[in-house]
Every structure is written in C-alpha cells, then in structure tokens.
Amino acid sequence: GCVLVVSVIEQLAQWHNSTVKAAVERLCDYIPGKYQIIHHMSCCIDKEMNADVVCHSLRLCKQDPGQPLCHLYSPPKREKHSSGLFHALAHATPKHQIRSKSFMGFSSVCAFPLLANVCEKIKYVLRNKLPFEDFDGDKFSTFPTLRGYHWRGRDCDDKNTTTYPGRRPDNWDAKSDSNCNGIWGVDPKDGIPYEEKFCKGAGSKGVVLLGDSAGAHFHIPPEWMTVTQMSAKSFANLPMAFSDELDWPQFSEITGFLNSTIGGWTDSLYLRLRKRNRCNHRDLQNISQNGIVNFPINMAPYLSFSLARNQLLDNPAIVIYATIGNDVCNGERDTLAHMTTPKEMLSNVVQALRYLDSHLPNGSHVILTGLVDGRFLWDNLHDRYHPLGQLNKDVTYSQLYSFLDCLQVSPCSGWLTPNETLRNLTSERASQLSNVLKEIARSEKFANFDIFYMDFPLRQTAEEWRKMGGEPWQLIEPVDGFHPSQIAAALGTGITWQKALHEWPQVLGKENPFNDQIEAIFKDQGGH
C-alpha cells in the first residue's frame, strides 16, 4: 500500500512538474475525505528515491529475518558487487528514520480513524455474507453497498420479512408486491390480478452465483494510479468501491444489472433471464467472496448464512457454481502442496450440492463451471507495462507478480510466475479438478435440481474479442493483472447463454409473451 501511494505521489510531482508537497496536496484534493496520513508522508518523500526505498525507510515496509527484501522497482544502480537497494536504505536521510515513528501505530488500513467505522461494517458483512442494512432480516436490503442490493435483488419493503425478491406471489399480489418484481394489483377490466395474468405458468426463476473474486467482479480502477488520467472525478467512486470490497457485482457476468461505469458494457445471465421473462425482475443473488481458498469446504454453514431461498415459498433458481481459480490459486511458497486435490474437490462439491438439494425449490438447476487455464495471464501480460509503470516504463506485470509473490500475497503463485513448469503444473491440476466437476454432473442425481457442466469459456471469449478487433490482454483486469475484465465478463455471458440455449433450453425457460404488456403497465414500478 505504501509503495502504491508513494509511487502515485512521485509520479504526480513529475507529471505536473511540481514539488512533492504540492503533489500530496493535489492527491488529497482528489480523494474524498481527509486522509491525513498522506499529508504526513510528504516530508519523507524524496523524488530521487524510488517508492521501495521510501517505504522501507519509513518502516511501513520491512524485511523479516530470513526473508528476501521485497521491491517493486528495479534496485537503484550503484557500483558492481553491491546491492543498490540495500545501499539506498543504509543512506536514507535521518528525517525518514525520525518520521517513521509517526506510522508505527498504523499496522493496517483499518487503523486509520477515517476508515475504522467502515472497516467494522465490512468485517461484519465478510463474516456473515449478509447485507449490513437489513431491518427485517430477510437477507435483502434497500441499501446498495455493504452486501446490499448491488449483490442481491433490492428489497421493496424492508420492514416486512415476507416481502422479498424471488418468492412466489402472495395471493397473486393483488394488494401488494410481495416478490418485488414491480407487478401487482388487479386489472380493472376483468378483476384478474396482473401477476396471475402475466406470470402464472411463465416458469419464473432466479439466478444465484456461488463464486470467488472473479464472480464478485473484483476491480481496482486504473485511473486511481495512472497520473496522466487522474482527477477528482477518478476517485468519486472510492467510498462505494471500498464498501463493496472493491467488487462490482452490479456489472458482473452472472448478476450484473446496471450499466457499467468501469469500461466495457454490462451483459449478464440475470439481464437475459429478465428480458426473456419480465416476471424474473430483481431475482438475483451474488454469493461470492474475494480470496476464498478451497471455497466449497464447509459450504453448508456458509450457505446457511448467505443463501436466501425458501424451498416451500420461493421460485426455483438457476445456481451457477463458479470457483474458477481459487482451488489452485494461493500465495504460498509451496503452492502445489496447498492446492485442492481431486479427492477433496469431489467431497467438498458433493457436500455443497447436498445442502442445495435440501434448500432449493423443486425445478431448480445447477451449472458447474470448470476452472480457467490461467497460463493466459502470463502469456499475455508479463512483458507489458502495468498502469504504475506506464509513465516511466519502469514496472512490468512480471515485476508486479514477483513483488506480490515476495510479499506472499500473490493471488496465484502457480500462474503468476516466470517458472513455466510451475504454470503448467498449476493448469494440470486445474484440469483435473474440472474433470471432477464434469464427472459429478454426469453421474450425480438430485431430487430438486438437475445438474450440468460447462468449461470456463476463456478460449471462445478470446476468439470472439479478436474478431471484434481486440487484443487478448484487454480481457484481463489492468491493475491486478489477474481477474477477468468487464469486457471479458460481458462476452462470456453471450457464450454461456448460447450454450444453454442450444444444449439446456429447459434451464432458461420459455419466453414470456406478455413482456411488452408488463413493461407498458409497470414501466415506472420496476426500477432496480
């Protein structure tokens, strides 16, 4: 974090030909709120010292005994047979050593007074996977972030526990909108409730994603660290992004419903299901989390907290099970030893499916998505410049991956590495785990849902993007160099939809012939 902030400050000073102090003031003007800690840094940054040297001097970065000295930038050049970085640290000016004491109390970002309150809220939602603002306890909210309606359909009455998206209508919603799809009341011409007239027999169903950070749609805006594009407008979305855990599920491949503000466009399974049958409005749940390793382990208690589906009262659901990388991705030194084995995968996924079978309404569907082949990342990014390195051509993705790996916080040590053998072994394990999922879909039977398997459509997505004139690297998030980008998410939706349409049409249901009439009557009541 220190290296990132110092890099941005130094580059702002360079780009605007200003002092470090002026660059700090500029950055503080850009960022909402008063992040006073950044002000304290201004005295300690020397434009002649790179961010690694500054941050180690401030003791915000440290070298543990027996561990390598981690650095993002190439070490400063000095005489042969001597480490430039060690030399620079040894000769850091006394003011750095004195001022470093100011920072020792801030062991984490949540220690800053301004962020402490929102951090407590985020810890709550991470612990419970539920909306922070939910007055009736039905697991749906009228508040967007903190696991609110960006993550699951918006509640239309947060004081009534029997009113929530996805339920079967109460008395055909003649008097109120019990399922929040915006369709309620009685047609004065014939006395028939609109919900009964338009939605009876329409096969309404919701969409639920059980996923990892790719499903949650993790994204750090590149304009936060690209000084040539930086302005106050760049950081306007920072509070929202922070309270959504740097995820953007409202634009995601499975549950996206708002027009993208982070580049590309939004296309999602939910939007297509809604377009096919307007009665499906708001019936979505994104139960994904960043950094879950071996996600399915103990899935039953995880789902018992998070899944909002009543087997007797609610509509069936299409559940997408998509942990596309976390079973092989970790930041451990011995990464292969910490990957999920095929035997563990079989046990964990079957356990999760049995839980779903006891809670999903009859007529539901489950789609298991295979793991991605992450060699695509290194092959397309390693020699390109990261947003932090574009101004001075001094930080490649290869350097970023090595820095994160050194800090033991790499999102995927097995794929984000120059070691080709390790990349191949990681993909081999991913393929083995995908085969386990494929076999589960072929052989296992459940009472309340049928089950399907599909490969993660990376190859088809890349081919489609090439036809549109794009480059493969644009399918990867530019800041973390790891997650699918907004473009990849939107293209992946179309590929998944076409496969379902041709191979499993029963999953998507039939088109509702009353869609136009519903929109005409309820166009002002169906807002997200």
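This is a predicted model: local features need pLDDT of at least 70, side-chain atom pairs count only at pLDDT 80 or more; totals for chains, interfaces and linings use all residues.

An angle between axes of 65 to 115 degrees counts as roughly perpendicular, under 35 degrees as roughly parallel and over 145 as roughly antiparallel, with the rest termed oblique. With these classes, helix α11 (residues 269–276) and α18, whose axes are 10 Å apart and pack at an angle of about 50°, are therefore oblique to each other.

**Packing against α18**

- The contact of α11 with α18 is formed by Leu269, Arg272, Leu273 and Arg276 on the α11 side, and by Thr493, Gly494, Trp497 and Leu501 on the α18 side.
- Sorted by class, the residues of this α11–α18 contact comprise 4 nonpolar, 2 polar and 2 charged.
- Helix α17 (residues 458–467) also packs on α18 (residues 486–503): their axes come within 9 Å and cross at roughly 110°.
- Helices α17 and α18 are therefore roughly perpendicular to each other.
- From α17, the residues in contact are Gln460, Thr461, Glu464 and Trp465, and they meet Ile487, Ala488, Leu491, Gly492 and Ile495 of α18.
- The contact of α17 with α18 contains 5 nonpolar, 3 polar and 1 charged residues.

**Packing of α13 with α16**

- The axes of helix α13 (residues 342–357) and helix α16 (residues 420–443) cross at roughly 40° and come within 9 Å.
- At that angle, α13 is oblique to α16.
- The crossing of this pair, α13 and α16, is right-handed.
- On α13 the contact involves Pro342, Met345, Leu346, Val349, Val350 and Leu353, while α16 contributes Arg429, Gln432, Leu433, Val436, Leu437 and Ile440.
- In the contact of α13 with α16 there are 10 nonpolar residues, 1 polar and 1 charged.
- An α-helix has 3.6 residues a turn, so residues three or four places apart point the same way.

**Buried helices**

- Helix α1 (residues 2–15) has 14 residues, which should span 20 Å at 1.5 Å a residue, and its end C-alpha atoms are 20 Å apart, in agreement with this.
- Because 10 of the 14 residues of α1 are buried, α1 is largely enclosed by the rest of the structure.
- Those buried in α1 are Cys2, Val3, Val6, Ser7, Val8, Ile9, Glu10, Gln11, Leu12 and Ala13.
- Helix α15 (residues 397–406) is mostly covered, with 7 of its 10 residues buried.
- Tyr397, Gln399, Leu400, Tyr401, Phe403, Leu404 and Cys406 are the buried residues of α15.
- These buried residues of α15 pack against α1, α4 and α14 (375–381).

**Positive phi values**

- Asn17, which follows α1, has a positive phi near 50°.
- Arg59 lies in the loop between α4 (51–57) and α5 (84–90), and its phi is near 65°, a positive value in a residue other than glycine.
- With 44% relative accessibility, Arg59 counts as partly exposed.
- Leu146, in the loop between α7 (113–128) and α8 (194–199), is not a glycine either, yet has a positive phi of about 50°.
- Leu146 is buried, its relative accessible area being 4%.

Conventions:
Residues are numbered from 1 along each chain as its sequence is written. Side-chain values use heavy atoms; hydrogens and water are left out. Axes are lines fitted to C-alpha atoms, for helices over the stretch in contact, and angles run from 0 to 180 degrees between N-to-C directions. Helices (H or I, at least four residues) and strands (E, at least two) are DSSP runs, numbered from the N terminus. Contact means heavy atoms within 4.5 Å. Ala, Val, Leu, Ile, Met, Phe, Trp, Tyr, Cys and Pro count as nonpolar, Asp, Glu, Lys and Arg as charged, and the others, Gly among them, as polar. Buried means under 20% relative accessible area, exposed over 50%, partly exposed in between (1.4 Å probe, protein chains only). The expected span of a helix is 1.5 Å times one less than its number of residues. A crossing is left-handed if the near helix is turned anticlockwise from the far one by less than a right angle, and right-handed if clockwise.
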